[in-house]
Amino acid sequence: MRREDLPMPPHYDPDKVGGIWKVDYLKREREAEAWAETHRISPAHEDDLRICLLAVDVQNTFCTPGFELFVAGRSGNAAVEDNRRLCSFIYRNLSRITLIAPTMDTHMAMQIFHRLFLVNDRGEHPDPLTIVTSDDVRERRWRVNPAVCPSLGMTEEYAREHLLSYVQKLRENEKYDLTVWPYHAMLGGIGHALVPAVEEAVFFHTVCRKAQPDFQVKGSNPLTEHYSVLGPEVTEDAGGRRIAGKNEALVEKLEQYDAVVI
């Protein structure tokens with residue numbers, strides 16, 4: 001197998017990384033198979049040194065200008081610059097990367113960290129980026145919106161007890177207080193999708209290496225925040241019943257690799 005850095009394939013345009021466009025899968029498949037033959041890139045299952053690339057939440061909602069939680073950074077374009085580096089890393093190391101595992105932040109409207117879930121005594125929802133503390137819940141400045149409970153299969157009493165328990169557990173475990181985030185990474189929406197340039201690079205790797213990407217979906221549980229792909233912020237409800245768990249399957253899988261690049 002070829003081990004030196006590979007050149008950039010002709011289709012890759014770093015100036016397009018911050019844009020939204022449709023990947024031409026059939027064309028890229030043909031080009032990737034020819035690329036693998038030209039550069040003597042063997043299938044991933046033949047790797048002696050197994051390397052996994054864990055690509056964390058490289059989604060439009062965080063990484064594309066104009067989307068809900070775009071990470072601008074000091075440069076004003078930090079996420080785009082990061083993804084240019086990521087695409088370049090994938091293409092240069094096509095023959096080295098055994099598996100790509102993209103994590104996918106995945107949400108719906110009625111979740112504990114979205115405004116629809118909460119109301120005040122006037123029935124108003126909190127503004128995005130509102131911080132909700134245990135004092136806020138205990139003094140009922142913010143409470144669960146009773147209208148969402150039937151759809152989520154909860155009684156109002158259960159929801160009320162869980163919210164108080166939840167914000168208390170966050171504080172006890174020295175985690176961030178509950179933040180009301182703008183609607184983002186919405187399942188079925190364009191913000192949920194991978195950045196097209198990264199999606200294209202992942203697809204190109206799939207064809208070159210004959211290695212199916214291992215998408216890791218996280219964040220859809222309505223009763224807890226889920227910042228890390230390794231596990232949610234809170235795992236139990238007010239009664240000590242399990243509502244979510246650690247991603248043991250991913251940990252076990254990563255342990256099978258010689259190196260994990262994040």
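Entry on strand E1. I noted before starting that this is a predicted model. I looked up strand E1, which covers residues 51–55, and found that five of its five residues are buried, so the strand is largely enclosed by the rest of the structure. I then checked the directions of the side chains: Ile 51, Leu 53 and Ala 55 point one way from E1, while Cys 52 and Leu 54 point the other way, and all of them are buried.

Entry on the partners of E1. I looked for the strands that pair with E1 and found that three bridges join E1 to strand E8, residues 259–261, in a parallel arrangement. In this pairing I located Cys 52 opposite Val 260 of E8. I also found four bridges between E1 and strand E2, residues 99–105, and these two strands run parallel as well. Here I saw that Leu 54 stands opposite Ala 101 in E2.

Entry on helix H7. I turned to helix H7, residues 196–209, whose 14 residues reach 20 Å from the first C-alpha to the last, close to the 20 Å expected at 1.5 Å a residue. Twelve of the 14 residues of H7 are buried, so I wrote that this helix is largely enclosed by the rest of the structure. Among the buried residues of H7 I listed Glu 200, Phe 204, His 205 and Arg 209. I asked myself what covers the buried residues of H7. The cover includes helix H1 (25–38), helix H2 (60–63), helix H3 (78–92) and strand E2.

Key:
Residues numbered from 1 in each chain as written. Predicted model: local features only at pLDDT ≥ 70, side-chain atom pairs only at ≥ 80, totals over all residues. Heavy atoms only, no water. Buried < 20%, exposed > 50% of the residue type's maximum accessible area, 1.4 Å probe, protein only. Pairing = 2+ DSSP bridges. Expected span 1.5 Å × (residues − 1). Contact = heavy atoms within 4.5 Å.
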